[in-house]
Amino acid sequence: MALEGVIYQQDPLIYGCIDYNYCTELGVEEKFNVEQSSAIGYWESSPPLNATSSAEARRKRRRSKTLKNKEELETQRMTHIAVERNRRRQMNDYLAVLRSLMPPSYAQRGDQASIVGGAINFVKELEQLLQFLEAYKLMDRQDMGSSSDKVFRNLLSFPQYSGKAADIEVTMVETHASIKILAKKMPKQLLKMVAGFQSFCLNILHLNITTLDQSVLYSFSVKVEDECQLSTVNEIATAVHEMVGRIQHDSTSLA
C-alpha cells in the first residue's frame, strides 16, 4: 500500500520576510528604546543650555566687578598717600616759618610740640606787652603819675584775688595754666615762687617779668602735672595767693 503525503509548501519568501520583519522590527524597537532611554538620561543629568550661559555670565560679571573694586581701592590708596604727603610737607613748611618768627629761646627743639608750645607762649607775651603799653599810654593821658599798680591792674581781666598781698589771676586750658601775679618787689621773691610752684607739681614752661617802680608783674605759663593736687583755677589761685602771702610775711619779718 503506497502512502501518499501531502505537503503544503510554504512560500520561502513570505516566511523569510515575516521572520526578517519581526527580527528587524524587534531590533529597531529595542534600539529605539535604548536610544530613547539614553536621551532621557542625558537630559536629566545635564543642565539646560540657557542655565549654563546665565551662570557663566554671572561669573564673568563677578570677576569684572572684583577687578574693578580692586582698581578703585588701589586708586583711593594712592590718592590718600599723595594727599597725606602734601599735608605733611605743608605742615613742615608752616612750622619752619612759625619757628623763624620767634626768638630761639621759645623753641629750643625742632619737634612740632615744642614749636607750637613756644609760639603760644610768645603770643601770650606779645599780648601782655601790648596791654602794658596801652595801659602805660592811658596813664600818661590821665596824668596818673607813677601809679604802677593801676597800670598793671589793667592787665588783669578777672583776678581771683585782689588785695594788699598780691593780685592773682589764673586761667586754664586742659592741663596748661596761665598764672599772673601782681605784687610788690621783695628780695628773693621770684626764687621762692619757683620753689613753691615745684612743690605744687606745677611745671614752669615760660616766665615773663614786667617791673614798674616798686611793682612787679609775674606771668607764668605752667603745666599741671598728674601728681598735682590742684585741679581747678580757684584751687590754683588760692594756693598761689597763700604762697605769696607767706613769702611777703617772711621778707617783712627779716627786714
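In which strand is I209 found? I209 is found in strand 3, residues 202-212, where strands (E, at least two residues) and helices (H or I, at least four) are DSSP runs numbered from the N terminus. This is a predicted model, in which local features need pLDDT of at least 70 and side-chain atom pairs count only at pLDDT 80 or more, while totals for chains, interfaces and linings use all residues. Residues are numbered from 1 along each chain as its sequence is written, and side-chain values use heavy atoms, with hydrogens and water left out.

View 1. Neighbours within four places in sequence aside, I209 is in contact (heavy atoms within 4.5 Å) with L190, V216, L217 and Y218.

View 2. Four strands form an open sheet in the order 1-2-4-3 with antiparallel pairing, two strands being paired if DSSP finds at least two bridges between them. Strand 1 and strand 3 each have a single partner strand, so one side of each is left without a neighbour in the sheet. Strand 2 and strand 4 run antiparallel and are joined by nine bridges, and I181 has Y218 in strand 4 as its bridge partner.

**View 3. The largest nonpolar core.** This core, a set of buried Ala, Val, Leu, Ile, Met, Phe, Trp, Tyr and Cys residues joined through side-chain atoms within 4.5 Å, has 25 residues. Helix 6 gives the most to this core, with seven residues.

Notes. Buried < 20%, exposed > 50% of the residue type's maximum accessible area, 1.4 Å probe, protein only.
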